[in-house]
Amino acid sequence: MTAPARPSPPNPHVAALAQYRRRASVYNTELALFEPIRRATIERLALRRGDSVVDVGCGTGLSLPLLHRAVGATGRIIGIEQCPEMLAQARDCVRRHRWRNVTLIQSSAEDASLECHADAALFHFTHDILRESRALANVAAALRPGARVAACGLQWASVWAWPLNLFVLGAALHSVSSLEGLNRPWSLLAASLEGLTVEPLLGGAVFLAHGVRRA
Ligand SMILES: C[S@@+](CC[C@H](N)C(=O)[O-])C[C@H]1O[C@@H](n2cnc3c(N)ncnc32)[C@H](O)[C@@H]1O
């Protein structure tokens with residue numbers, strides 16, 4: 001008698017896609033509380049006029065206005081997003097503003113074809129991507145040495161801060177496909193960065209990590 005086939009583990013890629021297809025219509029409202037964190041994270045990129053920046057997992061495009069304000073019309077923004085319903089809203093944003101220097105790519109961060117040597121990369125609340133080495137390697141290959149990288153997102157706060165951790169658990173179950181790595185979500189990114197600084201925000205329930213791509 002042959003053993004019954006084991007169910008294969010859920011593919012994080014597919015799980016994240018399903019999660020955001022369901023969530024796309026309410027996403028912008030849900031994120032409103034986190035806008036000050038978005039601003040702080042983008043500030044850490046120290047963008048200048050004319051810079052090029054990759055917005056990894058750009059979602060509905062909530063970061064695009066701030067990025068565009070920083071790099072100006074002579075800069076370039078490349079957004080990568082795998083969920084069509086999220087990306088459609090980012091495309092609307094680009095159309096409304098009539099920006100000509102924003103390229104949006106519908107793809108997983110692992111497989112996106114990025115032909116650039118960008119000056120910066122943003123990972124704003126992209127836990128699933130930060131835990132995928134292949135995605136990080138693909139983005140790193142599209143950055144020039146010395147490019148600035150900033151990432152933020154949920155993390156476990158200290159064990160004593162259990163009310164905060166209840167918040168982290170609830171938010172994570174709603175927004176990431178695996179809790180793996182929530183104690184140090186930036187740990188895989190750290191290998192490719194010099195001068196990594198990690199700042200705790202919201203009592204430690206959110207991290208803001210930044211550094212520059214190693215030569
Ligand atoms: C919490 S949302 C953040 C969106 C945006 N960065 C923001 O700050 O509003 C996470 C986004 O990452 C996207 N995502 C998850 N895994 C991905 C992957 N492997 N490749 C590309 N996008 C991915 C999801 O579809 C979702 O839009």
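Visitor: Is R21 buried, partly exposed or exposed?
Guide: This is a predicted model. In it, R21 counts as partly exposed because its relative accessibility is 42%.

Visitor: Which residue does R21 form a salt bridge with?
Guide: The partner is E85, and the closest N and O atoms are 2.9 Å apart. The pair links distant parts of the chain, with R21 in helix α1 and E85 in helix α5, 64 residues apart.

Visitor: And how exposed is E85?
Guide: E85 has a relative accessible area of 31%, so E85 is partly exposed.

Visitor: How many salt bridges does the structure hold?
Guide: There are 10. One of them joins R95 and D92, at 2.7 Å from N to O. R95 and D92 are separated by about one helical turn, because they sit 3 residues apart in helix α5. R95 is exposed at 56% relative accessible area, while D92 is partly exposed at 36%.

Visitor: Which residues are joined into one network by shared partners?
Guide: E43, R44 and E199 are. Within that set, R44 forms a salt bridge with E43, where the closest N and O atoms are 4.0 Å apart. E43 is exposed, with a relative accessible area of 57%, and R44 is partly exposed at 28%.

Visitor: Changing topic. What is the volume of the largest pocket?
Guide: The largest pocket holds about 840 Å³ of space. It is lined by 50 residues, and the closest to its centre are Y20, F125, T126, H127 and S175.

Visitor: Which element gives the largest share of that lining?
Guide: That is α1, with 6 residues. Other elements that give two or more residues to the lining include α3, β2, β5 and α8. By class, the lining has 27 nonpolar, 15 polar and 8 charged residues.

Visitor: Back to S175. Buried or exposed?
Guide: S175 has a relative accessible area of 15%, so S175 is buried. The residue lies in helix α8. From S175 to R38 the C-alpha to C-alpha separation is 16 Å in space, and the two are 137 residues apart in sequence.

Visitor: How many cavities of 30 Å³ or more are found?
Guide: A search of the whole structure finds 1. The largest cavity has a volume of about 50 Å³. Its lining includes F123, L136, V149 and R213.

Visitor: Which element gives the most to the cavity lining?
Guide: α7 does, with 3 residues. By class, that lining has 8 nonpolar, 1 polar and 1 charged residues.

Visitor: Now the surface. Which residues make the nonpolar patch?
Guide: W162, L166, L169, L173 and L179 make a nonpolar surface patch of about 510 Å². L179 lies in the loop between α8 and α9, and is partly exposed at 32% relative accessible area. The cut-off for joining a patch is over 30%, so L179 passes it.

Visitor: Last topic, backbone angles. What is phi of R98?
Guide: Phi of R98 is near 55°, a positive value in a residue other than glycine. R98 is in the loop between α5 and β3, and is exposed at 71% relative accessible area.

Visitor: And what about phi of A46?
Guide: Phi of A46 is near 45°, again a positive value in a residue other than glycine. A46 sits in the loop between α3 and β1, and is partly exposed, with a relative accessible area of 43%.

Methods:
Residues are numbered from 1 along each chain as its sequence is written. This is a predicted model: local features need pLDDT of at least 70, side-chain atom pairs count only at pLDDT 80 or more; totals for chains, interfaces and linings use all residues. Side-chain values use heavy atoms; hydrogens and water are left out. Patches are made of residues with over 30% relative accessible area and no salt bridge: like charges are joined within 9 Å, nonpolar side chains (Val, Leu, Ile, Met, Phe, Trp, Tyr) within 5 Å. Accessible areas come from the Shrake-Rupley method with a 1.4 Å probe; for residues, only the protein chains shown count as cover. A salt bridge is a side-chain nitrogen of Lys or Arg within 4 Å of a carboxyl oxygen of Asp or Glu. Helices (H or I, at least four residues) and strands (E, at least two) are DSSP runs, numbered from the N terminus. Buried means under 20% relative accessible area, exposed over 50%, partly exposed in between (1.4 Å probe, protein chains only). On a 1 Å grid over the protein atoms alone, a cavity is a set of points where a 1.4 Å probe fits but cannot get out, and a pocket is an open set with protein on both sides within 12 Å along at least five of seven lines; lining residues have an atom within 4 Å of a point. Grid points are joined across faces, edges and corners, and a volume is the space filled by probe spheres set on the points. Ala, Val, Leu, Ile, Met, Phe, Trp, Tyr, Cys and Pro count as nonpolar, Asp, Glu, Lys and Arg as charged, and the others, Gly among them, as polar.
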